[in-house]
Amino acid sequence: MDVSLSAEDQAFRDEVRAFLGENAYQAGTNYMEWRLGWFAKAREKGGWDVPKWPTDFGGPGWSPTQHYIWEQETARSTTPMDAPFGVGMLAPILMGYGTQEQQDRFLPDIRARTVNWCQGYSEPGAGSDLASLRTKAVLSDDGTHYTVNGQKIWTTMAHMADWIFCLTRTDDSGIKQEGITFLLFPMNQEGVEVKPIITLGGAHSVNSVFITDVEVPVENRVGEEGKGWTYAKGLLQHERTGLAGLSRSLVALEKLKGQARTVTRGNGTLMDDPSFATKVAELEIDLMAAEFTELRSLAAASHGKDPGPESSILKLKGTEIQQRIAKLTVEAGGIYSAVRGGGSAGPGFAQNGMSSYLASRAYTIYGGASEVQKDVIAKNVLGLKRG
Ligand SMILES: Cc1cc2nc3c(=O)[nH]c(=O)nc-3n(C[C@H](O)[C@H](O)[C@H](O)COP(=O)(O)OP(=O)(O)OC[C@H]3O[C@@H](n4cnc5c(N)ncnc54)[C@H](O)[C@@H]3O)c2cc1C
């Protein structure tokens, strides 16, 4: 997309490029040390380690264009792995609803990436219909702690997390959205058992988490008892905006075109095949349209607004685009896409193609399934009412 940049924005882009170039990972160095060092240096730049945080909490206060530039440039570079749960998801909730003490206690480690968090929302029987969750938290008679019992499922990175932010039920006498309470507790304690779930693509990233008689001090409750649903809903909007991955898709699509040009078809390459080229063109058009929506969402955010229901449009379209790219990559790699975990058959880009494609099937499920996003768009964007 052609976004014309002012002289200041061009200077900013050059500064970002220089930063990413100077701090790129050097093969053979310790990855974890590099990762923490990278975030520390990004922080010294004036909040580049937490681009979306408000300035009051140390964010850089960028304009929508600067955010756009950052997304574009980081998508093209190798930046350190950064799970969204702490900086992107829990932090905004703590800033909005946490006590000063909770902010002081948790935000510094979240920012430094020294404490890993996981998100304990979904349960067997409570995914799309999250408000049906049943993990129970009972307040002690002296009001000092909750005792939590239940099961969470699909908990990403639970096996590597230090803490969990968890939705629990403290009251089931009213409508199901009421009586939900937002608690924080450490994973490494008796009563928290993590069991792996291996997904279609063959990877271990999600888990079941069994919670048995875990005591959580009331100081670890975020906001009011029974109001967790309100906080969780806000968090989902942040999560959805982050899942669209449009800048990464732009880079992936360019890469795919290059790969397709290396595959022979008749007298030319796969990119000369009208059927394949049409699919690529359709993808490009949809990606461009989604980018405009993202810029609108960034503009709203720069005026202090929450992402709002447009985040559902971005989640829906962005994840479908990622899946279509994964599918076309398999198409380009042909039978060699079935190769997994090394081997020398076929073009290098095809390897693990199928397992990446299978893993991408989850994109339209987590963070709210596509059907649910369509419901949100119908109601809150288009203003349609159920007939
Ligand atoms: C890889 C992966 C990682 C995840 N990570 C996490 C995590 O870290 N933390 C966490 O809490 N959860 C996580 N989840 C859970 C995820 O949020 C849920 O899977 C998702 O909300 C869907 O819920 P469900 O699996 O119970 O499916 P269901 O809600 O049972 O849905 C099954 C099908 O029914 C459809 N459906 C449901 N309701 C409607 C409706 N009203 N109208 C039309 N169709 C409907 C759905 O679209 C879907 O196709 C993860 C899931 C995956 C796959």
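User: In which sense does H9 pass H11, a left-handed or a right-handed crossing?

Analyst: H9 passes H11 in a left-handed crossing, a term used if the near helix is turned anticlockwise from the far one by less than a right angle (right-handed if clockwise). Please keep in mind that this is a predicted model, in which local features need pLDDT of at least 70, side-chain atom pairs count only at pLDDT 80 or more, and totals for chains, interfaces and linings use all residues. Residues are numbered from 1 along each chain as its sequence is written.

User: At what angle do H9 and H11 pack, and how far apart are their axes?

Analyst: Helix H9 (residues 310-333) packs against H11 at about 145°, with 9 Å between the axes. The axes are lines fitted to C-alpha atoms over the stretch in contact, and angles run from 0 to 180 degrees between N-to-C directions.

User: Which residues of H9 and H11 meet?

Analyst: Glu310, Ser312, Ile313, Lys315 and Leu316 of H9 meet Ser370, Gln373, Lys374, Val376, Ile377 and Val381 of H11; contact requires C-beta atoms, placed from the backbone, within 7 Å. This contact divides into 5 nonpolar, 3 polar and 3 charged residues. Ala, Val, Leu, Ile, Met, Phe, Trp, Tyr, Cys and Pro count as nonpolar, Asp, Glu, Lys and Arg as charged, and the others, Gly among them, as polar.

User: Why is the ligand said to lie between domain 2 and domain 3?

Analyst: Domain 2 (116-226) and domain 3 (244-381) both give residues to the shell around the ligand, so it lies between them. The bounds come from an automatic or database domain assignment. The ligand is surrounded by 20 residues, the closest being Tyr121, Gly127, Ser128, Trp154 and Ala369; to be near, a residue needs its C-beta atom, placed from the backbone, within 6 Å. Strand E1 (117-120) and helix H11 (370-381) each supply at least two shell residues. By class, the shell has 9 nonpolar, 9 polar and 2 charged residues.

User: How far apart are the C-alpha centres of domain 1 and domain 3?

Analyst: Those centres of domain 1 and domain 3 are 24 Å apart, and their contact takes 8 residues from each of the two domains.

Technical notes: Helix = DSSP H or I, 4+ residues; strand = E, 2+ residues; numbered from the N terminus.
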